Amino acid sequence: MIEARHLRVLRAVSTTGSFSAAARELGCTQPAVSQQMKALESSAGTTLLIRTGREMRLTQAGVALVRHASGILAGLTAAEEEVAAIAGLRAGRVRLVSFPSGSSTLVPGALAALRAEHPGTRVSLVEAEPPRSVDLLRDGDCDIALAFRYGTTGGEWDDLVVRPLLTDRLIGLVPEGHRLADAASVAIGELADESWIAGCPRCRRQLVEVCEASGFTPRIDFATDDYPAVMGLVGAGLGVAVLPELAVESVRPKGARTVAVEPAIEREIVALTLPDLARVPAVAATLDQLSLAAAR
């Protein structure tokens, strides 16, 4: 294998015409130049230099290698500079996947702070709910997945780096004229006879489990992943719902009142990445900014 350092020595010998002059240019000793030239000829499998008296000239193979050396070394220098820029956060790319309420609350502040601190780092964003977002991460289609889970599912993310961000409590939504609209808190069993509006499949499953633990099965008349739609349906008096507090923060409910629900329903919000990606400076910086945004 031909090494870049050997190509630099060959080019210096070609330019200066001798080992001693090449050594002075490279800041090393003449024996070191001689040893590296021998190593290069061994790698190339042929003679590259011929000594004729005090002069030194390139063989045909040596001329060909010097001709290619400039382009190779220039490309390597460009690659080193680009990698250094990425490592120093002067450049870089992060592909982020987030669930909708995270996109509207946590992500904007985090990305604005990241851009202010590292303007050369580019971040793209697409939306997906878990577990789809986690699948995208494992398949290599994103670098960070903002996700959530209810309770602790053993082994679900054991292969990933998990950055806990916050605990998001679900709150109830009832129409303004509802009998419980002015209540400080509501036992979920008090809503057993209501028409329900459910959210994403994972949230829907959690709602059913909590209601069944309170002795009833919710009658779900409407189901939508769109949080503004949930709020609109509640505001129109078509039913009740429980939504993550992050979702309620992102959309002003019209015609609906928020009430605390007992027992408390909480979900854990996390940022996920792969172990190797966690060491990439731009990814690490994005995770840090997401943590700061969640703490505000």
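This is a predicted model: local features need pLDDT of at least 70, side-chain atom pairs count only at pLDDT 80 or more; totals for chains, interfaces and linings use all residues.
Visitor: How do you know that the span of helix H3 is close to the one expected?

Guide: Helix H3 covers residues 30-44, which is 15 residues. The expected span is 1.5 Å times one less than the number of residues. For H3 that gives 21 Å, and the helix reaches 21 Å from its first C-alpha to its last.

Visitor: Which residues of H3 are buried?

Guide: Val33, Ser34, Gln36, Met37 and Leu40 are buried. These residues cover an arc of only 165° around the axis, so they lie on the same side of H3. Pro31, Gln35, Lys38 and Ser42, on the other side of H3, are exposed.

Visitor: What makes Phe99 and Phe148 an edge-to-face pair?

Guide: Two values decide it. A pair of aromatic rings is described by the distance of the centres and the angle of the planes. Ring centres must lie within 6.5 Å, and planes over 60 degrees apart count as edge-to-face. Phe99 and Phe148 stand at 5.1 Å centre to centre, with 85° between the planes. The pair is therefore edge-to-face.

Visitor: Why is this pair said to tie together parts apart in sequence?

Guide: Phe99 lies in the loop between strand S3 (92-98) and helix H5 (100-117). Phe148 lies in strand S5 (residues 144-149). The parts are 49 residues apart in sequence, so the pair ties them together.

Visitor: Why is the pair of Phe148 and Tyr150 called edge-to-face?

Guide: The ring centres of Phe148 and Tyr150 are 6.0 Å apart, and the cut-off is 6.5 Å. Ring pairs link Phe99, Phe148 and Tyr150 into a cluster.

Visitor: Are Phe148 and Tyr150 buried or exposed, and how do you know?

Guide: Buried means under 20% relative accessible area. Phe148 has 0%, so Phe148 is buried. Tyr150 has 11%, so Tyr150 counts as buried. Phe99 is buried as well.

Visitor: What makes Arg267 a charge over the ring of Phe148?

Guide: The distance to the ring centre must be within 6 Å, and the charge must be within 35 degrees of the ring normal. The charged end of Arg267 sits over the ring of Phe148, 4.4 Å from its centre. Arg51 likewise lies over the face of Phe19, at 4.8 Å from the ring centre.

Visitor: How many cavities of 30 Å³ or more are there?

Guide: The count comes to 1 cavity. About 90 Å³ of space lies in the largest cavity. The lining has 13 residues, and the closest to the cavity centre are Leu170, Gly199, Cys203, Arg204 and Val242.

Visitor: Which elements give two or more residues to that lining?

Guide: Strand S8 (195-198), helix H7 (201-213) and strand S10 (241-244) do. H7 gives the most, with 4 residues.

Visitor: How do you know that the span of H7 agrees with its length in residues?

Guide: At 1.5 Å a residue, the 13 residues of H7 should span 18 Å. The end C-alpha atoms of H7 are 18 Å apart, which agrees.

Visitor: Which residues of H7 are buried?

Guide: Arg202, Cys203, Gln206, Leu207, Val210 and Cys211 are buried. They cover an arc of only 165° around the axis, so they lie on the same side of H7.

Visitor: Why is Ala110 called buried?

Guide: Ala110, found in helix H5, has a relative accessible area of 1%. The cut-off is under 20%, so Ala110 is buried.

Methods
Residues are numbered from 1 along each chain as its sequence is written. Side-chain values use heavy atoms; hydrogens and water are left out. Rings of Phe, Tyr and Trp (its six-membered ring) pair if their centres lie within 6.5 Å; planes under 30 degrees apart count as stacked, over 60 as edge-to-face and the rest as tilted. Buried means under 20% relative accessible area, exposed over 50%, partly exposed in between (1.4 Å probe, protein chains only). The arc is that of the directions from the helix axis to the C-beta atoms. On a 1 Å grid over the protein atoms alone, a cavity is a set of points where a 1.4 Å probe fits but cannot get out, and a pocket is an open set with protein on both sides within 12 Å along at least five of seven lines; lining residues have an atom within 4 Å of a point. Grid points are joined across faces, edges and corners, and a volume is the space filled by probe spheres set on the points.
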